[in-house]
Amino acid sequence: MPIWVDADACPKVIKEVLYRAADREQVMVTLVANQSLSVPPSRFLRTLRVAPGFDVADNEIVQRAEAGDLVITADIPLAAEVMEKGAVALNPRGERYSEATIRERLTMRDFMDTMRASGVQTGGPSTLNQRDRQAFANELDKWLQQQKRAK
């Protein structure tokens with residue numbers, strides 16, 4: 001099963017974890033972005049550049065992702081859409097979305113959008129830290145092990 005990465009907003013340290021995992025586990029990782037990306041040479045890494053525009057990369061991932069694939073994204077609506085198709089969604093902080101958490105996150109996202117639209121300064125997410133990176137690596141390894149067992 002391939003891994004799809006919403007690469008425009010994916011932190012560099014998370015991409016590096018994915019690069020190593022792709023070669024180690026021989027799994028295809030596709031980074032989708034609306035800008036050119038530079039990745040290390042590997043037969044398991046590829047980039048897919050899409051046209052600029054709102055949600056163009058997200059829509060491409062939704063179109064291509066299949067049941068069982070892994071999608072790396074912090075975008076809640078994208079995560080919800082790929083989960084509807086049976087894919088697994090994991091954010092760069094190591095949270096593997098579930099049916100329960102995705103509904104909660106969508107509700108919170110909509111609430112925060114309403115707050116921002118009314119002029120309230122909500123701030124952004126905290127900086128990615130070492131604990132987040134480790135949580136991501138652990139969840140990625142769990143998914144990779146599940147794929148091995150399924151074969």
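Modeller: Helices here are DSSP runs of H or I with at least four residues, strands are E runs of at least two, and both are numbered from the N terminus. Keep in mind that this is a predicted model.

The protein has 5 helices and 5 strands. From the N terminus, the elements follow the pattern β-α-β-β-α-β-α-β-α-α. The C-alpha atoms fill a box of roughly 50 × 30 × 30 Å along the principal axes. The radius of gyration is 15 Å, which agrees with the value near 15 Å for a compact globule of 151 residues. Buried residues account for 38% of those 151 residues. Of the contacts with a separation of 6 or more, 50% join residues 24 or more positions apart.

Now the sheet. Its 5 strands form an open sheet in the order β3-β2-β1-β4-β5, and the pairing is parallel. The edges are β3 (45-49) and β5 (88-90); each has a single partner strand, so one side of each lacks a neighbour in the sheet. On average, neighbouring strands are turned by 20 degrees against each other, direction ignored. In general, strands of a sheet pair through backbone hydrogen bonds.

Two strand pairs can be followed residue by residue. β1 and β2 pair in the parallel sense over 4 bridges. Within that arrangement, Val 5 stands opposite Leu 31 in β2. Strand β4 (residues 70-72) pairs with β5, also in the parallel sense, over 3 bridges. There, Val 71 stands opposite Ala 89 in β5. Helix α1 (residues 12-25) packs on this sheet and touches β1 (3-6), β2 (29-33), β3 and β4. The direction of α1 makes about 150 degrees with that of β2.

Look at β1 from both sides. Ile 3 and Val 5 are buried on one face, and Trp 4 and Asp 6 are buried on the other, so both faces of this strand count as covered, with burial meaning under 20% relative accessible area.

The largest nonpolar core has 25 residues. Those with the most contacts inside this core are Ile 3, Val 5, Leu 18, Leu 70, Ile 72, Phe 136 and Leu 140. Two or more residues come from each of β1, α1, β2, β4, β5 and α5 (130-150). Helix α1 gives the most, with 6 residues.

Take Phe 136 as a way in. Leaving aside neighbours within four places in sequence, Phe 136 is in contact with Ile 14, Val 17, Leu 18 and Ile 72, among others. Its contacts also include a run of Leu 90, Asn 91, Pro 92, Arg 93 and Gly 94.

There is a second, separate core of 18 residues, and Val 50, Val 71, Ala 80 and Ile 102 are among them. Ala 80 belongs to helix α3 (residues 76-84), where Ile 76, Leu 78, Ala 79, Ala 80, Val 82 and Met 83 are buried. The N-terminal end of α3 is capped by Asp 75: one of its side-chain oxygens lies 2.8 Å from the backbone nitrogen of Leu 78. After α3 comes Gly 86, with a positive phi near 95 degrees.

Glu 60 lies in helix α2. Glu 60 has a relative accessible area of 18%, so it counts as buried. Leaving out residues up to four places away in sequence, Glu 60 touches Val 32, Leu 48 and Val 50. Val 50 is the one already named in the second core.

Finish with two loop residues. Most residues other than glycine have a negative phi. Gln 26 is not a glycine, yet its phi is positive, about 55 degrees. Gln 26 sits in the loop between α1 and β2. Its relative accessibility is 53%, so Gln 26 is exposed. Asp 55 is not a glycine either, and its phi is positive at about 65 degrees. This residue is in the loop between β3 and α2 (56-64). Asp 55 is partly exposed, with a relative accessible area of 30%.

How values were computed
Residues are numbered from 1 along each chain as its sequence is written. This is a predicted model: local features need pLDDT of at least 70, side-chain atom pairs count only at pLDDT 80 or more; totals for chains, interfaces and linings use all residues. Side-chain values use heavy atoms; hydrogens and water are left out. Two strands pair if DSSP finds at least two bridges between them. Axes are lines fitted to C-alpha atoms, for helices over the stretch in contact, and angles run from 0 to 180 degrees between N-to-C directions. Contact means heavy atoms within 4.5 Å. Buried means under 20% relative accessible area, exposed over 50%, partly exposed in between (1.4 Å probe, protein chains only). A nonpolar core is a set of buried Ala, Val, Leu, Ile, Met, Phe, Trp, Tyr and Cys residues joined through side-chain atoms within 4.5 Å. A polar contact is a pair of N or O atoms within 3.5 Å; within protein, one must be able to donate a hydrogen and the other to accept it, and residues adjacent in sequence count only if both atoms are side-chain atoms. The radius of gyration is taken over C-alpha atoms; the globule rule is 2.2 Å times the number of residues to the power 0.38.
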